[in-house]
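This report works through a single chain, from its helices to its core and its surface. Please keep the sequence and the model in view while reading.

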Amino acid sequence: MPSSISLLRLSPPLHHHHHHHHNPAALLPHPLRLTFSPPLQKTKTNTKSTTATTCSYTPTPAVDRLISAASYFLPLFNGLHYGRFLFTKYPIVALPFEPLIPLLSLYHSVPYASFITFFGFYLGIVKNPNLSRYVRFNALQALVLDVLLVVPVLLQKIISPGRSGIVMKLTGWAHSGLFVFVVGCFLYGLVSSVLGKTPYLPLVAEAAGRQLE
C-alpha cells in the first residue's frame with residue numbers, strides 16, 4: 001500500500017491579452033462564448049474516495065489466530081514419535097520439546113485421544129459455518145497433515161520389513177525426514193497463524209482448499 005498519494009495540481013486558466021482582433025472567441029455572439037474552468041472539486045472528491053478505499057484493512061481477529069495456531073499442535077503431537085531415531089542419536093534435538101512433555105502425557109493418557117481430537121476439530125471447527133474460512137482452512141490443513149502421518153505406520157505394519165541392519169537404517173532415515181517435515185509444517189503454521197497470515201503447507205494446502213470449496 002503506498003504510504004502517500006500524490007495530488008495533481010491543476011494550473012490556473014490562462015489569461016488572454018485584451019487584443020480583441022487576436023481573440024476569435026470575441027467575434028462570436030455573447031451566448032456562444034466558451035468558458036473553461038478546471039474541475040477542482042471533482043478531483044478532490046475522487047482523491048478522497050481513492051484514499052479511503054486504498055487504506056481499508058481488516059486484521060485477523062485474535063480468536064481466529066489462537067484457534068488456528070492451536071490446530072497445528074495435533075499433527076505435532078501425533079508425529080513426534082517419528083523423531084525417536086534422531087532423539088537417540090542426537091539427544092540435544094529433544095531439548096526444545098521437553099516443555100511439551102506434560103501436555104503429551106495428558107494427551108496420551110486419555111483413551112482414543114487422537115480420534116476424539118480429530119473428530120472434535122473436524123465437526124467443531126471445519127464444519128462449523130459460524131467460524132471464518134481462515135480458521136476452518138487452518139484446522140483442515142492440520143487434520144489433513146495428521147491423516148498423512150498415519151500412512152507410514154500402516155505401511156510399516158502391512159509390509160513388516162523386519163529389523164535387519166539396512167532395513168532399520170532406511171526406516172530411521174525415512175522417519176527422521178518425516179519428523180523434520182512435520183516440525184517444519186508446525187512452525188510454519190504456528191508463526192503464520194499468530195501473525196494473522198494464511199500458511200500453505202506443501203502436499204496439504206491444495207487438498208484442504210478443495211474440501212472447503
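Which residue takes a positive phi just after α8? It is glycine 196, whose phi is about 80 degrees.

## Basis of the model

The model is predicted, so that local features are described where pLDDT is at least 70 and side-chain atom pairs count only at pLDDT 80 or more, whereas totals for chains, interfaces and linings use all residues. Residues are numbered from 1 along each chain as its sequence is written, and side-chain values use heavy atoms, with hydrogens and water left out.

## Overall architecture

The chain holds nine helices and zero strands, where helices (H or I, at least four residues) and strands (E, at least two) are DSSP runs numbered from the N terminus. Of its 213 residues, 29% count as buried; buried means under 20% relative accessible area, exposed over 50%, and partly exposed in between, with a 1.4 Å probe and protein chains only. The accessible surface comes to about 15,300 Å², and 68% of this belongs to carbon and sulfur atoms; these areas come from the Shrake-Rupley method with a 1.4 Å probe, and for residues only the protein chains shown count as cover.

Contact here means heavy atoms within 4.5 Å. Among the contacts in the chain with a separation of 6 or more, 77% are accounted for by residues 24 or more positions apart.

Helix α8 covers residues 165-195, and its 31 residues should span 45 Å at 1.5 Å a residue, which agrees with the 45 Å between its end C-alpha atoms. The expected span is 1.5 Å times one less than the number of residues in the helix.

Serine 193 is found in α8 and counts as buried because its relative accessibility is 0%. Leaving aside neighbours within four places in sequence, serine 193 is in contact with Arg65, Ser68, Ala69, Tyr72, Tyr134 and Asn138. Alanine 62 lies in helix α2 (residues 62-71) and is exposed, with a relative accessible area of 60%.

## The nonpolar core

A nonpolar core is a set of buried Ala, Val, Leu, Ile, Met, Phe, Trp, Tyr and Cys residues joined through side-chain atoms within 4.5 Å. The largest one has 39 residues, of which Leu76, Phe97 and Phe179 touch the most other members. Two or more residues come from each of α3 (73-79), α5 (101-109), α6, α7 (133-159), α8 and α9 (205-212), and the largest share, ten residues, is that of α7. Not counting residues up to four places away in sequence, leucine 76 touches Phe97, Leu100, Val182, Val183 and Phe186.

## Aromatic pairs and phenylalanine 118

Rings of Phe, Tyr and Trp (its six-membered ring) pair if their centres lie within 6.5 Å, with planes under 30 degrees apart counted as stacked, over 60 as edge-to-face and the rest as tilted. By this rule there are eight aromatic pairs. The rings of phenylalanine 118 and phenylalanine 119 are edge-to-face, because their centres are 5.4 Å apart and their planes lie at 85 degrees. One aromatic cluster is formed by Phe73, Phe77, Tyr107 and Phe186.

Phenylalanine 118 has its place in helix α6 (residues 113-126) and touches Leu74, Leu143, Asp146 and Val147, not counting residues up to four places away in sequence. Phenylalanine 119 is partly exposed, with a relative accessible area of 47%.

## Loop residues with positive phi

Most residues other than glycine have a negative phi, and most peptide bonds are trans. Tyrosine 112, in the loop between α5 and α6, has a positive phi of about 55 degrees although it is not a glycine, and it counts as exposed at 65% relative accessibility. Leucine 203 is found in the loop between α8 and α9, has a positive phi near 70 degrees, and counts as exposed at 74% relative accessibility.

## Annotated regions

An unreviewed UniProt entry places the feature "transmembrane region" at residues 106-125, 137-159 and 171-191; UniProt positions are given in the numbering used here, feature names are shortened, and annotations may be inferred rather than shown by experiment. Residues 106-125 are 85% helix and 0% strand, with end C-alpha atoms 22 Å apart, while residues 171-191 are 100% helix and 0% strand, with end C-alpha atoms 30 Å apart.
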